[in-house]
Amino acid sequence: MSKALIGRENEYSMLKTKIENAIKCNTPLSLYISGTPGTGKTATTKSVLKSFNESKKVKSVYINCVGTNKKADIQRAILTELVATLPSKISLYDKELDNQFTKTNKTIIICFDEIDHLRSSRNSLLYEAFGWPTKFNRHVIVIGIANALDLTKRNLPNLQFKGHEPEVLTFQPYNTKQIEEILKDHVSTFGGNISVEEEKALLMCAKKAANQKGDIRNALNVISQAFQGKEEENKDLIPQQPMGLLTPKKNSARAVNRIFNEIHASPLVRSTLPLHSSIFLATLIRLVGNTRTSSTTKLRLYSAYETVCKNLNYTPVIGDERIEAINILESMSVIRCSGQNLKTNITFIDEIAKARAKIADSNLVAAVDEMNL
Ligand SMILES: Nc1ncnc2c1ncn2[C@@H]1O[C@H](COP(=O)(O)OP(=O)(O)OP(=O)(O)O)[C@@H](O)[C@H]1O
Ligand SMILES: [Mg+2]
């Protein structure tokens with residue numbers, strides 16, 4: 001039986017309820033699910049789709065759009081799930097799809113994962129897909145998934161005019177507590193009890209992952225590597241020492257720390273910033289990016305940062321975590337701080353374009369840029 005993932009209970013039930021209501025009340029439904037990587041969008045949506053598997057009234061089609069933005073590819077992927085034999089020519093796909101959507105006595109849920117790959121100069125494919133729930137008289141529900149917060153608003157403005165604007169469901173990054181619970185659950189599958197030392201390591205990993213945009217994929221990878229020895233021990237295999245790692249039971253916190261640092265040292269990751277450093281930087285650019293001095297006080301930055309967090313629905317970091325977020329920017333030579341107290345100046349010393357690239361989240365930058373701080 002399919003069920004909600006730990007920490008995604010609300011998202012699971014919200015998605016499931018919206019679909020159930022649309023089917024029950026015969027209302028058209030299109031949804032756009034957004035959220036940063038590793039926030040459980042794909043896993044939750046698949047789990048919700050699976051929960052309809054037993055229903056005779058529902059047929060679900062899941063398509064990962066990575067690498068395809070050709071209309072025929074998408075049509076073929078949908079038709080493959082709906083008909084026994086594909087039409088002999090691509091030119092017949094349109095008609096066959098229309099036919100299937102019109103004559104079906106089921107609700108067809110089509111989920112386009114990584115839907116941003118379907119973008120094109122005129123976005124005709126996206127416009128068409130989001131128009132299906134209204135066009136096909138409630139026989140089709142469309143779900144699009146991607147990272148960008150506002151893909152449909154920003155890239156598909158005409159949906160609103162046509163009354164086809166999808167409902168947006170945003171998956172927030174996992175917080176420390178949720179990550180800790182997920183990791184504990186994951187480690188429990190290795191067998192054996194979780195020692196106090198291991199618990200500490202899990203909490204540390206959860207804190208680090210939460211500070212890096214709440215990406216659970218990364219946290220699970222780190223823990224799988226750090227606890228490799230434990231898993232193998234409990235499988236009654238000869239315990240194998242993972243390359244260069246210390247015995248996980250005694251030193252799991254150190255192993256977690258080291259693996260995190262190794263990941264962070266990779267060129268791919270090094271160029272991007274942790275979540276709260278990114279928010280601080282985007283805020284600073286918004287405040288002083290176009291001013292002559294490029295400076296503001298720490299107090300002003302903190303207060304603007306809190307406004308940004310509130311608008312974006314993030315919990316602002318305080319204390320040591322806040323200092324760490326700022327220190328990272330200083331160590332990357334993006335900012336210069338003239339002292340420790342709140343009245344001291346923080347100066348932006350990078351080039352705006354380069355700094356924006358370091359944030360590596362164009363939606364965050366765009367959202368903060370539009371805010372009144
Ligand atoms: N709450 C959770 N508990 C356990 N595993 C999870 C949880 N959330 C996600 N995962 C696992 O983490 C990985 C990433 O999740 P998922 O693919 O759903 O993220 P996503 O939001 O779709 O990311 P992306 O934007 O990169 O596609 C998957 O292997 C998934 O099974
Ligand atoms: Mg995904």
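In this predicted model, the contact between helices α8 and α10 brings Ile179, Ile182, Leu183, His186 and Val187 of α8 together with Ile216, Ala219, Leu220 and Ile223 of α10, where two residues are taken to be in contact if their C-beta atoms, placed from the backbone, lie within 7 Å. By class, the contact of α8 with α10 comprises eight nonpolar residues, one polar residue and no charged residue; here Ala, Val, Leu, Ile, Met, Phe, Trp, Tyr, Cys and Pro count as nonpolar, Asp, Glu, Lys and Arg as charged, and the others, Gly among them, as polar. Helices (H or I, at least four residues) and strands (E, at least two) are DSSP runs, numbered from the N terminus. The axes of α8 (residues 176-188) and α10 (residues 216-226) come within 10 Å and cross at roughly 40°, which means that α8 is oblique to α10. Axes are lines fitted to C-alpha atoms, for helices over the stretch in contact, and angles run from 0 to 180 degrees between N-to-C directions; angles under 35 degrees count as roughly parallel, over 145 as roughly antiparallel, 65 to 115 as roughly perpendicular and the rest as oblique. The crossing of α8 and α10 is right-handed, a crossing being left-handed if the near helix is turned anticlockwise from the far one by less than a right angle, and right-handed if clockwise.

The model is a prediction, in which local features need pLDDT of at least 70 and side-chain atom pairs count only at pLDDT 80 or more, whereas totals for chains, interfaces and linings use all residues. Residues are numbered from 1 along each chain as its sequence is written, while chains are lettered from A and ligands numbered from 1 in the order in which they are written.

The crossing of α14 and α16 is right-handed, and the contact is made by His276, Ser277, Phe280 and Leu281 of α14 with Ala325, Ile326, Ile328 and Leu329 of α16. Six nonpolar and two polar residues, with no charged ones, make up the contact of α14 with α16.

Turning to the sheets, five strands form an open sheet in the order β2-β3-β4-β1-β5, with parallel pairing; two strands are said to pair if DSSP finds at least two bridges between them. Strands β2 (58-64) and β5 (167-170) stand at the edges, each with a single partner strand, so one side of each is left without a neighbour in the sheet. Neighbouring strands of this sheet are turned against each other by 15° on average, direction ignored. Within the sheet, β1 (residues 29-34) and β4 (residues 140-146) pair in the parallel sense over six bridges, and leucine 29 stands opposite isoleucine 141 in β4. Helix α3 (residues 71-82) packs on this sheet, touching β2 and β3, and its direction makes about 145° with that of β2.

Strand β6 (residues 295-297) pairs with β8 over three bridges, threonine 297 having asparagine 345 as its bridge partner in β8. Strand β7 (residues 335-337) also pairs with β8 over three bridges, and isoleucine 335 has phenylalanine 348 as its partner.
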